[in-house]
Amino acid sequence: MNLTIKDQTFQLHSLGGLFWQEKSLLLISDVHLGKVSHFRKFGAAVPRKAVHKNFVLLDMLVSDFQPFQICFLGDLFHSSLNKEWELFENWVAKTPSEIILVAGNHDIIAPEKFQQLHIPIFPELVIDGFLLTHHPEEREDHFTFCGHIHPAVKLQGFGRQQLKLPCFFKSNNQMILPAFGQFTGTHALTPTQEDEVFVIVEDSVVKV
């Protein structure tokens, strides 16, 4: 699904990424790499193959858009270093796109580790009137792309059935991206009449 914002074109992907066509820039938020290994370390019954799932999905997203740049909008890693860092190093080495990180509250790994991979870290970025940040923030004369919330909405079905689906949550001057990472959980938001909600349903993005 394509959206036009401030005369720029953005494509919403069912894996949770957002592609800025004019800049060839792929935005991804809240991957939380290392979270599966963190859970397994403390005894959670998470399948070992789940460790690789995020990297498989990242490859699919990059393959679909072939972006010049990838910007992670915070919480790239869930916590401190674990064995998934080596997987990330390998992924960076084989990915042709330039990678940048807008730091989130979970990004506590030493900046030197990212510098070794030639990944610059920023507290925020402003590009042609668009603010790229981790935490939601509405700033005058800017349109914000952010994450952190892991947005979802509840949809009412027949009878008392309810579905909670991850979504891209757009207000007048801001869009909150869904969490990309597996096992991240979601937070249900209640839209107003002015908000636009684009839910992820299987392999599609649908406006509701």
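**Exercise 1. Find which backbone nitrogen the side chain of Asp107 reaches at 2.7 Å, and describe the place of Asp107.**

Solution. Step 1: in this predicted model, the side chain of Asp107 comes to 2.7 Å from the backbone nitrogen of Gly104.
Step 1: Asp107 sits in the loop that runs between strand E6 (98-102) and helix H4 (111-116).
Step 2: setting aside neighbours within four places in sequence, the residues in contact with Asp107 include Gly74, Asp75, Leu76 and Phe77. Leu101 and Val102 also belong to that list.

**Exercise 2. Decide whether Asp107 is buried or exposed.**

Solution. Step 1: the relative accessible area of Asp107 is 17%.
Step 1: buried means under 20%, so Asp107 is buried.

**Exercise 3. State how many salt bridges a search of the whole structure finds, then work through the one between Lys94 and Asp59.**

Solution. Step 1: the search gives six salt bridges.
Step 1: in one of them, the side chains of Lys94 and Asp59 meet with N and O 3.0 Å apart.
Step 2: Lys94 belongs to helix H3 (residues 84-94) and Asp59 to helix H2 (residues 50-65), so this pair ties together parts that are 35 residues apart in sequence.
Step 3: Lys94 has a relative accessible area of 54% and is exposed, whereas Asp59, with 28%, is partly exposed.

**Exercise 4. Work out which strands are tied together by the salt bridge of Lys207 with Glu196.**

Solution. Step 1: the closest N and O atoms of Lys207 and Glu196 are 2.7 Å apart, and the two residues form a salt bridge.
Step 1: Lys207 lies in strand E16 (residues 204-207), while Glu196 lies in strand E15 (residues 196-201), so the pair joins parts that are 11 residues apart in sequence.
Step 2: Lys207 is partly exposed at 46% relative accessible area; Glu196 is partly exposed too, at 22%.

**Exercise 5. Name the residues that are linked with Glu137 in a network of salt bridges.**

Solution. Step 1: Glu137 pairs with Arg139 in a salt bridge, and their closest N and O atoms are 2.8 Å apart.
Step 1: the network links Glu137 and Arg139 with Glu124.
Step 2: Glu137 is partly exposed, its relative accessible area being 31%. Arg139 likewise counts as partly exposed, at 26%.

How values were computed:
Residues numbered from 1 in each chain as written. Predicted model: local features only at pLDDT ≥ 70, side-chain atom pairs only at ≥ 80, totals over all residues. Heavy atoms only, no water. Salt bridge = Lys/Arg side-chain N within 4 Å of Asp/Glu carboxyl O. Helix = DSSP H or I, 4+ residues; strand = E, 2+ residues; numbered from the N terminus. Buried < 20%, exposed > 50% of the residue type's maximum accessible area, 1.4 Å probe, protein only. Polar contact = N/O pair within 3.5 Å; in protein donor to acceptor, adjacent residues only side chain to side chain. Contact = heavy atoms within 4.5 Å.
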